[in-house]
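This report looks at the fold of one chain and at its contact with a partner chain. The sequence and structure come first.

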2 protein chains.
Amino acid sequence: MIAKLQMQLNSALYLRDPQTSDLGQKIVKESIFLIDKIGFESFTFKKLSTQIGSTEASIYRYFENKHRLLVYLISWYWNYVEYRITFETHNISDPEEKLRIAIRLITNQLKDDDSFPGISESVLQQIVINESDKTYLTKNVDEINKEGVFRGYKSLCETIASYMIEINPDFEFPRSLTSTCLEAAHQQVFFAAHLPRLSDIKNAEDVHEQNYQYLSTIIFNSLKK
Amino acid sequence: MIAKLQMQLNSALYLRDPQTSDLGQKIVKESIFLIDKIGFESFTFKKLSTQIGSTEASIYRYFENKHRLLVYLISWYWNYVEYRITFETHNISDPEEKLRIAIRLITNQLKDDDSFPGISESVLQQIVINESDKTYLTKNVDEINKEGVFRGYKSLCETIASYMIEINPDFEFPRSLTSTCLEAAHQQVFFAAHLPRLSDIKNAEDVHEQNYQYLSTIIFNSLKK
DNA sequence: TCAAATATAATAGTAAAACTATCATAACGA
DNA sequence: TCGTTATGATAGTTTTACTATTATATTTGA
């Protein structure tokens, strides 16, 4: 890697930008591991502070509460996915090919690399699978939505939906189909692992490849004229 | 209504069957209103007990904790939907028609009737929209799944998937498509209301009709041979 | 019908969660 | 070096999520 990358995130996502300090980066890095390990419900700032040798009060200076921290992490993830889609579809004009690349990227198993030091992409992806819906399934969704914390997810949805519209301008549900598939992309992995009767994806085989096949099938069939 | 109906639910869903006592029925009835009003996160047995003029300890005799109560309510809902599908598809042999009826029923706005006294179906449906995913998005999902608490949802999924298989035996993803659509059925209503850029469904118009059109489109297109 | 079983209520108590506040000190930047 | 800012240390509050005990009311069944 020649350039170190940094994600540009909406400032409504934090009280203090965690990317600008040592403690902030530690909070983000270790929260990913801790949430993955014990689950979001059991996760507390107290436990996190012990983990990183700091204090609760210090963490509260970065994030209003643990829910906001989760929203930050999930938002980081969707930003990352969109960044990769933009990168991989660069110079490609065929909308079908762009859509295939996007489906590949939203179903792909992430591997850790060092382009974003301090973030374990693979563990973060696990958090997306297990916890991401909790970012918006909350009583104050309208309030935090006004602040723009879901902008990254919406933008990704818009991008993918635009490929669908290019393929078939008459298709009536590009955004719905995109959000349904973005959700299904992690839902099906969850079901395969925990509630296998809700899915045809077999945990024993290559989950991500099957997921790609599944989503491609329903997307391209739905888009047929 | 000639007969009073009672839902037959898995006994793993409760410590003591709430349908067998006055207090139990009050717990179920009032919890629906309270969860809808303040959201599951803010909901506590303390608040519920105040509401119904009882005590925390008494409620704990019916449900291990508030999560189990939520699982009970959501399970009741899916059982109800499957009961209605079974009823409405009775004597119909055409799988396409059965599937259409099922899609209609999972996207339909429920109205309160008195066939199940003490349950407000319409408010319960709101809870499904806002909270149902929290039943399984929990660290102990495998543990509670072993007890069979998700049997109702799986059974519904199986039923609808079987219609798909009848229509096209070669379709590879009947269960996945069903679970994706069952989830999308409430997800899209949520998005229309709170995150409209993630959906093509317009909150100003008939949300349920649009949802039916959307799901029909992707399901029947996916099933085409 | 009376005794026994069972359900509910009343009360109390605990550990942890989810914060908020204050003050001292360390580091950093102009 | 002086002032600002970040962090740490400490303490305190309210609420949540329980558990335990005892008293009283109600049901049931012998």
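The model is predicted. Chain A is built from 10 helices and 0 strands, and its pattern along the sequence reads α-α-α-α-α-α-α-α-α-α. The radius of gyration of chain A is 18 Å, close to the 17 Å that the globule rule gives for 225 residues, so chain A is as compact as a globular protein of that length. Along the principal axes, its C-alpha atoms fill a box of roughly 60 × 40 × 40 Å.

Within chain A, 59% of the 225 residues count as buried. Of the contacts in chain A with a separation of 6 or more, 70% are between residues 24 or more positions apart.

How many residues of chain A are in contact with chain B? The contact involves 48 residues of chain A and 48 residues of chain B. The residues of chain A that lose the most area to chain B are Leu137(A), Arg197(A) and Asp200(A), which together give 16% of what that side buries. The size of an interface is often given as the accessible area lost when the parts come together.

| Area | Value | Carbon and sulfur share |
|---|---|---|
| Buried between chain A and chain B | about 4300 Å² | 59% |

Conventions: Residues numbered from 1 in each chain as written. Chains lettered and ligands numbered in written order. Predicted model: local features only at pLDDT ≥ 70, side-chain atom pairs only at ≥ 80, totals over all residues. Heavy atoms only, no water. Helix = DSSP H or I, 4+ residues; strand = E, 2+ residues; numbered from the N terminus. Rg over C-alpha atoms; globule rule 2.2 N^0.38 Å. Buried < 20%, exposed > 50% of the residue type's maximum accessible area, 1.4 Å probe, protein only. Contact = heavy atoms within 4.5 Å. Buried area = accessible area lost by both parts, 1.4 Å probe.
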